[in-house]
Amino acid sequence: MSKAPPRITVGLLFGGRSAEHDVSRASAANVLRALDPAKYNVVLIGLAKDGRWLMCDAGNGAGTGAAALTIPEDGAPLALVPGGKGQLLRFVAAEQNEAAVPHVDVMFPVLHGPNGEDGTVQGALELADVPYVGSSVMGSAVAMDKDVAKRLARDAGLPVVPFVTLSAQAPLDYATAVHAVGSADVFVKPANLGSSVGISRARSAEEFTQSCALAFRFDRKILVERCIDRAREIECSVLEDEKGLIRASLPGEIVPADKHGFYSYEAKYTDAKGAKLIVPADVSAEQQARIQELAVQTFQVLGCGGLARVDFFLMGEEIFVNEVNTLPGFTSISMYPKLWEASGLLQPDLMDILIAHALSRHAQRQHNLVERGA
């Protein structure tokens, strides 16, 4: 009888400093349940809203149906050792007994938005020389910045909705924005945020001023995009395996409730009837193939790795790339895992592929360093 391979220790990072902190905690609860305990030992690392990395209870609702993981305010602070290849330092008060901290084989960031999905945490993990799930520093940063991502997609010949960028230092009035995007009906959104936080629609100068003020609460750079009225919102999951093979799932459709008008934060996370998810999407075979093709191309153009969800607008036969999420939601209602399940890939198997990709990529980088004599 062959001996089972040793369990891989996974550091599950969740929480974070962005407005999507609570979404991350909900996503992490589902990732934790999907990780096979026979294969993985999980170390829970909560990122508090003030930026501290805290050791969390290993139980934390795993398998009990908890909607979200919790981050204890009195948890022991942790720090990654630069060059430590997954070594963690645990800081304890003098009167407390020092407890051993497991060595982490691979990090699994389940972080959404700034200071988590934008390359910052990925940079820290690179410095620690530890494998991690998801896109690299560049791919994360590029995809997070909607302005940069759309410019790269447009320059690569991918179809994007007309947009213009502004900042507090370089503002635009409503008339100028309307001329730039070719429509008086626009959406205003922060350039570096997800989950539809800070997004609103404007159809007049007064609404435009209010929308800009809202978006500027979350970012110093904002986008104004032409509204594609009555466009269908289509999403497609992308996955890269340990051999570098990139594939796209069946596409799905999101139909927001009329009362929300678009797929807002409330429709996504706080209103149980905020939107209807149609998996797979009711599209023609030709449209499905084109959406999958564009999803993979966008993934490659932006330098993504491991996983991403690519969002589209479908208007008649026209397909527009909307945005890319390199660490998409894994909540019970999130599209990324649902689309892979509809495509025949269950969540535990999805976890295996993502972790295998992270380990393989890191091993290849180590090999390249040796080859260069570094």
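Author: Counting disulfides (pairs of cysteine sulfur atoms within 2.5 Å) gives 0 here. Keep in mind that this is a predicted model, where local features need pLDDT of at least 70, side-chain atom pairs count only at pLDDT 80 or more, and totals for chains, interfaces and linings use all residues. Residues are numbered from 1 along each chain as its sequence is written, and side-chain values use heavy atoms, leaving out hydrogens and water.

As for the cysteines themselves, Cys-212 is buried at 8% relative accessible area, and Cys-304 also counts as buried, at 10%. "Buried" means under 20% relative accessible area, "exposed" over 50%, and "partly exposed" in between, using a 1.4 Å probe and protein chains only.

Now for the packing. In soluble globular proteins, nonpolar side chains tend to be buried together. A nonpolar core here is a set of buried Ala, Val, Leu, Ile, Met, Phe, Trp, Tyr and Cys residues joined through side-chain atoms within 4.5 Å. The largest one has 34 residues, and Leu-12, Phe-108, Leu-350, Met-351 and Leu-354 touch the most other members. Strands S1 (8-15), S2 (40-47) and S6 (106-110) each supply at least two of its residues, as do H1, helix H9 (335-342) and H10. H10 gives the largest share, 6 residues. (Helices, H or I, of at least four residues and strands, E, of at least two are DSSP runs, numbered from the N terminus.)

Take Leu-354: leaving aside residues up to four places away in sequence, its contacts (heavy atoms within 4.5 Å) are Phe-108, Val-133, Leu-239, Gly-306, Leu-307 and Phe-330. There's also a second, separate core of 26 residues, with Cys-236, Val-296, Val-321 and Val-324 among them.

Back to H1, which covers residues 21-34. Of its 14 residues, 12 are buried, so the rest of the structure largely encloses this helix. Those buried include Val-23, Asn-30, Leu-32 and Ala-34.

Key. Expected span 1.5 Å × (residues − 1).
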